[in-house]
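Here are my notes on this one, as numbered points. Have the model open while you read.

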Amino acid sequence: MIKVISIVLICALLVVYLKSINSEMYFIALLGAGIIVLSISFEYVSQLFNFFNYLVDFTGIDKDFYLIIFKTVAIGYLVEFGAGTVTDMGLKSLADKLVFVGKLAIFSISLPILYAIFNLLLRLIQ
């Protein structure tokens with residue numbers, strides 16, 4: 001984690017410095033810094049993925065539901081990251097639209113889980 005914090009601080013200093021010198025390079029540096037930080041986070045994502053695979057094997061949950069939950073969480077984090085970056089660029093209205101589309105994507109991906117819960121409730125009522 002110290003490595004991530006150090007890289008983020010260095011990137012932040014570079015971005016702030018470039019903002020004062022050249023505003024065009026600021027956006028490129030900001031995007032590059034975001035990509036660097038995101039690529040570093042893949043190590044943590046792989047650890048989470050391995051843990052959830054263990055949980056699925058241990059509990060016997062249907063792997064389709066696991067993938068849906070994992071995709072939902074991933075979309076949420078990626079949309080939050082993208083919206084934050086777009087907001088930093090001064091485009092708040094575009095960031096809000098990205099968040100809206102992300103919510104729609106999460107809802108559409110989670111429909112099979114909602115369908116399974118609805119069927120379970122119907123069987124319990126009968």
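1. Which helix supplies the largest share of the lining of the largest pocket? That would be α4, with eleven residues. Before going on, bear in mind that this is a predicted model, where local features need pLDDT of at least 70 and side-chain atom pairs count only at pLDDT 80 or more, while totals for chains, interfaces and linings use all residues. Residues are numbered from 1 along each chain as its sequence is written, and side-chain values use heavy atoms, with hydrogens and water left out.

2. On the pocket itself: the largest one holds about 910 Å³ of space. A pocket here is an open set of points on a 1 Å grid over the protein atoms alone, where a 1.4 Å probe fits, with protein on both sides within 12 Å along at least five of seven lines. The volume is the space filled by probe spheres set on the points, which are joined across faces, edges and corners.

3. The lining (residues with an atom within 4 Å of a point) runs to 31 residues, and L38, S41, V45, Y77 and L78 lie nearest the centre of the pocket. At least two lining residues come from each of α1 (2-21), α2 (23-40), α3 (42-59) and α4 (63-88). Helices are DSSP runs of H or I, at least four residues, numbered from the N terminus. By class, 26 of the lining residues are nonpolar, four polar and one charged. For the classes, Ala, Val, Leu, Ile, Met, Phe, Trp, Tyr, Cys and Pro count as nonpolar, Asp, Glu, Lys and Arg as charged, and the others, Gly among them, as polar.

4. How do α2 and α3 pack? Their axes are 4 Å apart, at an angle of about 35 degrees. Axes are lines fitted to C-alpha atoms, for helices over the stretch in contact, and angles run from 0 to 180 degrees between N-to-C directions. L38, S39 and I40 on the α2 side meet F42, E43 and Y44 on the α3 side, contact meaning heavy atoms within 4.5 Å. That contact has four nonpolar, one polar and one charged residues.

5. Two α4 residues deserve a look. T72 sits in α4 and touches I106 and I109, not counting residues up to four places away in sequence. T72 counts as buried because its relative accessibility is 19% (buried is under 20% relative accessible area, exposed over 50%, partly exposed in between, with a 1.4 Å probe and protein chains only). F65, also in α4, is partly exposed at 28%. Leaving aside neighbours within four places in sequence, F65 is in contact with P112, I113 and A116. F65 and S110 are 45 residues apart in sequence, yet 8.9 Å apart in space, C-alpha to C-alpha.

6. The salt-bridge count comes to one, using a side-chain nitrogen of Lys or Arg within 4 Å of a carboxyl oxygen of Asp or Glu. The pair is D96 and K92, with the closest N and O atoms 3.0 Å apart. Both lie in α5 (residues 92-109), four residues apart, about one turn of the helix. D96 is partly exposed, with a relative accessible area of 40%. G84, in α4, is twelve residues from D96 in sequence and 9.8 Å away in space, C-alpha to C-alpha.

7. The C-alpha atoms of I28 and L18, ten residues apart along the chain, are separated by 9.7 Å.
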